[in-house]
Amino acid sequence: MLSKDIQEKFIAIVGKDNFECSNMERAAYSFDSSPLQPVLPAAVVAPRNTAEVSEIVKLCNKHLIPIVSRGSGTNLAGGTRPTEDAIVLIFRNMNSVVELDEENLTITVQPGVITSDIHTIVEAKGLFYPPDPSSMKMSMIGGNIVENAGGLRGLKYGVTGDYVMGLEVVLPNGEIIKTGGKLAKDVAGYNLTQLMVGSEGTLGVVTEAILKLIPKPETKKTMIALFPDLNSAAQTVSDIIANKIIPVTLEFLDKATLKVVEDYAKVGLPTDCEALLLIEQDGPASIVERDINKIAEICKAANAMDIKIAANDQEADKLATARRSALSALARLAPTTLLEDATVPRSEIANMVRAINEVAAKYNVQICTFGHAGDGNLHPTCPTDIRNKEEYHRAESAFAELFEVAVKLGGTITGEHGVGIMKQSFLHLKVGHAGIEAMKAIKLALDPNNIMNPGKIFDVTKTEVSV
Amino acid sequence: MNQNEVTLIRERFREKMNSDQLQNCMRCGYCLPHCPTFIISGGKETSSPRGRIALMRAVANGELEPDAEFEKIINECLGCLACESVCPSGVKYMELLEDARDIICQTRQYSAPVKLARKVIFKGLFKKQKNMDLFIGALNIYQKSGLRFIARNTGIMKLFPSSLVATEKVLPEVGSYKAIKNRPVRLPAEGEKLAKVGFFKGCLMDTMFITENNKTLKLLQKAGCEIEIPGGQACCAAIHGHSGEKDDAKDMAKLNIVAFENMDVDYIITNAGGCGAYLMEYDILFQHDPQWHDRAKKFVSKIKDISKILVELKFHERFKLKLPNQVMTYQDSCHLRNVMKTFNEPRELLKSIEGVTYVEQKNAHTCCGSAGTYSILHADVSMQILDAKMKNVLDTKATTIVTANPGCLLQMRVGIEREGLAKEMNKNGIKHMLSPIFLISSPHLLVRVCNLTILFV
């Protein structure tokens, strides 16, 4: 608990309505969307502007109080699960759109703006902000940026980081810096913007962001293709890319996932096939038409049982929305859902799907697989029960093996959910011990007191041992 | 909350709360943008379904000590169930909420006045239909005898909380004791008999809203329903279930199950979303009672809202419905929508009326803030929600708002009072108003169509 004196100091900065330290308030911010055990933070603080954030950070740096910045708490790897001595910084008061610049095609936002609100605002002006994580209806853009969130449109348009042009950041010493800007070119020193992207709140607090917008594609078309087995669906993914077509979306759902998604969303998804691909292409009508036809041919050649093209945008949106609910819908199967986002080069998708099934059989656990197959980013998910220690342990072992497989195939342990707490012990597989040491050096240079989301990504207090 | 209560609540949470359901919430946050209290709070996790479930789970796991704030947070929920219908994981939120409230209410040692008030309302009034009949009969006398005039004009109403005063103002002209007692038990179909239905009267619906009930019955007859109205029915017990009086709720549910059990009917028709939805969850109420569970399931399978059966019997296609030219909008009853999954049918009926221009209001599906006793017990939050709602209503330029539940009806009337339109409406009459709003309930509206037989061409 914070001393009375420190509590008063926080209240002096943000006002008493924006400082909470009752047991209930602390408990309500004790978790994120990972299955980790909740931990009550010391307090919850809701600053109203950048100056207040700076004051808070200075206070915390002086008194060595950890800070966990939290958007909507939709993290899946424990990135915003607080520690007992930490304050949770929330952004419900910093949720304004600062500027929509139609000349430079940028939007400037505060961290508390909801991702899908950005979509609505810019699309009304004929513009497009492509990143669309499944949590976009509730996630905040600040969280998207520091987690470098992906989404369904990542294959063609990239991820959040590809659209972050500039940031205002409060550094761990309380200094406010502005990185990047509305600039197509900018090589003035290190690229601090991209350093902050995906830093999981360990290097500073993002208080404003300039995001890149692009013209809204004229048309889009969505189709689904049904397959009698996982392999042919996975092979189709590689075939489409190899044919030099980059669809917006190329999503994979296996039978078990399809079943729960249909159970929830009731959009008429078929549940009698082993795998389904959800494919979307956008752009000028003639090109969309050509690509969709070509993709349909590739699907047929790869043994697709059936192909259906959405009649209109509403039907297409329904399909995409249903797909976004997949993870939460899988929670219908069991009390705990353990999910990963190991990512491999696109050409290895079929091998990865095969490996997932082998590992599931080896450890005798059910693994449902869905995900952004087109960019090699799958979400093998294990419905389990954290209260059943033996089974949960088997599930964890299965995933540990999957990380190794992914890295061996040239992939990574996490494509878009971040390392957080849950994937720390596997980080070395991807970046090596020397890589972790390099990251720690950056961390300690900027945050010598280790107050920014300590214990996330890696434990800076422990030395990596090279094996 | 004293230490004894804290310990007991904790123990009972551990014993009684459904730990699978608590665990099933994977905290994805899909519920957040749909929760009215979360939105009104400006995004506070403690005002969200995800937050409430997290607190319940922490208390049940012994990680968190329940306190007065915990009780307040649990009670702040409207129970509109917008969260439950969007939850991909299928968490049974209502079950968790009702269990939590039941444990808290049954453990708390409330002060004498609170205890008395709860006893009078839950056990004296809503549990004993005869007392309800008498009470509404007395209210009828109050309205008809000039007492109301005196009450409103002597300033005596100022002694009561403003939310109660607002409610008093918008009450309908209620039924007399005599009319309430004279409910027939069987009504024939008009014309060809297409279905045989039972009718669930409801406690307030058959007293305070007796006119609506009469018109609902007339409408069912016209649609081709032979109707049985069995005696021995009780209040649906939604108010008990939502307020932590689960044992009373079970007593009354049993009466209702028995009342309809041996009746050879295709459906049991309700005309209030709140009641219908609670009746529909009787199987959950008795899920741990093998003796009653199957009987409850059978009962539940027959429950159907009036608007649904009208559409199914193609009432609106067989009869030509007509009203004077007007713009109309609809306010969903949360429970009709989120539990009974009935939301297209009322709209379809309204759109089928000649002369009606139907305009959907923005967020018609979100709670109006009535939520049973919520508008009285949590007037501040309720009014904030209502004011936001009224903006959307006014945007439609509708002259008629249609609702499908008595609570929503009263709340929307309060909304009009607050918008200051009511006086103008009384003064100028409906026809001459610039932005007039006139309020009717769904059954009310449709029966209005029936009464004015000239509307059937």
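Which residues of β16(A) are buried on one side and on the other? Both faces of this strand are covered, with Thr336(A) and Leu338(A) buried on one side and Thr337(A) and Leu339(A) buried on the other. A residue is called buried here if 20 or more other C-beta atoms lie within 10 Å of its own, exposed if 12 or fewer do, and partly exposed in between, the C-beta atoms being placed from the backbone. In a regular strand the side chains alternate between the two faces of the sheet.

The model is a predicted one, in which local features need pLDDT of at least 70 and side-chain atom pairs count only at pLDDT 80 or more, while totals for chains, interfaces and linings use all residues. Residues are numbered from 1 along each chain as its sequence is written, and chains are lettered from A and ligands numbered from 1 in the order in which they are written.

## The two chains

Helices (H or I, at least four residues) and strands (E, at least two) are DSSP runs numbered from the N terminus, and two residues are in contact if their C-beta atoms, placed from the backbone, lie within 7 Å.

Along its principal axes the C-alpha trace of chain A spans about 70 × 55 × 40 Å.

## Strands and a helix of chain A

Four bridges join β16(A) to β18(A), residues 377-384, and these two strands run antiparallel; within β18(A), Thr384(A) is the bridge partner of Thr336(A). Strands are said to pair if DSSP finds at least two bridges between them.

Chain A also holds an open sheet of four strands in the order β1-β2-β4-β3, with mixed pairing. Its edge strands are β1 (19-20) and β3 (67-70) of chain A, each of which pairs on one side only. Strand β3(A) is joined by four bridges to β4(A), residues 87-90, and the two run parallel, with Val88(A) in β4(A) as the bridge partner of Val68(A).

In helix α4(A), residues 115-123, the buried residues are Thr115(A), Ile118(A) and Val122(A). Seen down the helix axis, these fall within an arc of 50°, so they line one face of α4(A), where the arc is that of the directions from the helix axis to the C-beta atoms. The cover over the buried residues of α4(A) includes β5 (97-101), β6 (106-109), β7 (127-128) and α5 (141-147) of chain A.

## Where the chains meet

In the contact between the chains, 28 residues of chain A meet 27 residues of chain B. On the side of chain A that touches chain B, the elements giving two or more residues are α2 (23-28), α12 (326-330) and β16 (336-339) of chain A, and the largest share, five residues, comes from α2(A). The residues of that side divide into 12 nonpolar, 11 polar and five charged, where Ala, Val, Leu, Ile, Met, Phe, Trp, Tyr, Cys and Pro count as nonpolar, Asp, Glu, Lys and Arg as charged, and the others, Gly among them, as polar.

Helix α9(B), residues 129-145, has 17 residues and reaches 24 Å from its first C-alpha to its last, close to the 24 Å expected at 1.5 Å a residue; the expected span is 1.5 Å times one less than the number of residues. Gln129(B), Met132(B), Ile136(B), Leu139(B) and Asn140(B) are buried in α9(B), and they cover an arc of only 105° around the axis, which puts them on the same side of the helix. On the other side of α9(B), Lys130(B) and Ser145(B) are exposed. The cover over the buried residues of α9(B) includes α8 (112-125) and α12 (177-181) of chain B, and just after the helix Gly146(B) takes a positive phi of about 100°.

Cys235(B), in the loop between β3 (225-228) and α14 (238-242) of chain B, is buried, with 28 other C-beta atoms within 10 Å. Not counting residues up to four places away in sequence, Cys235(B) touches Phe126(B), Lys127(B), Gln129(B), Cys203(B) and Met252(B). Asp380(B), found in helix α24(B), residues 379-395, counts as exposed, with 9 C-beta neighbours inside 10 Å.
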